[in-house]
Amino acid sequence: ESAYLPGTAMHGASRLFAGDAKTDERDALVIAKTAIGIPDSLLPVPRPDAVLDAARAMASQRDYLVAGATRDKNRLRSILLESCPAFESLVDPHCLRMLSEIGGPWQVLDAGKSSVGAVTRGANRARIDALWESISTSTRPDGLRAAAEGASVRLLAKRVSEAASECARLEAEISA
């Protein structure tokens with residue numbers, strides 16, 4: 001049967017032996033002497049478990065998606081902040097559908113209140129009205145810049161939404 005010395009125990013035991021160089025030879029000596037002197041410090045090596053391995057693989061994918069979504073959220077907020085700071089300060093995760101379908105603040109303004117209302121049905125009306133007011137009282141960049149920002153906002157908002165959905169699906173599978 002195989003056993004191993006956990007890292008924290010290994011670190012503590014290494015301080016009991018002479019020298020401080022980190023070499024494979026010294027590590028082997030620390031493990032061997034600890035195993036002889038304190039056999040209870042060794043833990044059994046877990047047997048392979050296909051279910052656990054699958055859950056770890058899904059958790060790794062979830063972590064990858066979360067990191068990407070965080071990067072995309074930060075970029076999205078940066079674009080909105082540069083374009084219309086008042087709008088950016090009011091945007092929350094519930095606005096992702098509006099951003100992914102319509103675009104940035106200037107595309108929202110161009111779409112009109114009725115289109116925004118249709119996309120944000122069920123959202124907090126006071127927040128949507130505040131978003132509308134923030135755009136109406138801000139200075140619009142030139143047409144090409146506003147169009148480029150809108151395309152980037154749509155792309156990033158879709159990616160954040162898709163990552164959130166995929167993370168939720170993976171969470172359910174991991175829990176199962």
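Reader: Which side chain is joined to that of Arg-62 by a polar contact of 2.5 Å?

Author: In this predicted model, Arg-62 is part of helix α3. Beyond its neighbours within four places in sequence, Arg-62 is in contact with residues including Cys-167, Leu-170 and Ile-174. The polar contact of 2.5 Å runs from the side chain of Arg-62 to that of Glu-171.

Reader: Is Arg-62 buried or exposed?

Author: The cut-off for a buried residue is a relative accessible area under 20%. Arg-62 has a relative accessibility of 18%, and therefore counts as buried.

Reader: What span does helix α9 reach from its first C-alpha to its last?

Author: Helix α9 covers residues 143-175, which makes 33 residues. At 1.5 Å a residue, 48 Å is expected. The span in the model is close to that value, at 48 Å.

Reader: Which helices are included in what covers the buried residues of α9?

Author: The buried residues of α9 include Ala-146, Gly-150, Val-153, Ala-157 and Val-160. An α-helix has 3.6 residues a turn, so residues three or four places apart point the same way. The cover over the buried residues of α9 includes α3 (50-83), α5 (96-101) and α6 (105-111).

Reader: At the start of α9, which backbone nitrogen does a side-chain oxygen of Asp-142 reach?

Author: Helix α9 comprises residues 143-175. The side-chain oxygen of Asp-142 comes to within 3.1 Å of the backbone nitrogen of Leu-144.

Reader: Is Val-45 buried or partly exposed?

Author: Val-45 sits in the loop between β2 (43-44) and α3. With Tyr-4 and Leu-43, Val-45 makes a nonpolar surface patch of about 240 Å². Because its relative accessible area is 40%, Val-45 is partly exposed.

Key:
Residues numbered from 1 in each chain as written. Predicted model: local features only at pLDDT ≥ 70, side-chain atom pairs only at ≥ 80, totals over all residues. Heavy atoms only, no water. Helix = DSSP H or I, 4+ residues; strand = E, 2+ residues; numbered from the N terminus. Expected span 1.5 Å × (residues − 1). Buried < 20%, exposed > 50% of the residue type's maximum accessible area, 1.4 Å probe, protein only. Contact = heavy atoms within 4.5 Å. Polar contact = N/O pair within 3.5 Å; in protein donor to acceptor, adjacent residues only side chain to side chain. Patch = residues over 30% accessible without salt bridge, like charges linked within 9 Å, V, L, I, M, F, W, Y side chains within 5 Å. Areas by Shrake-Rupley, 256 points an atom, 1.4 Å probe, with all protein chains shown as cover. Salt bridge = Lys/Arg side-chain N within 4 Å of Asp/Glu carboxyl O.
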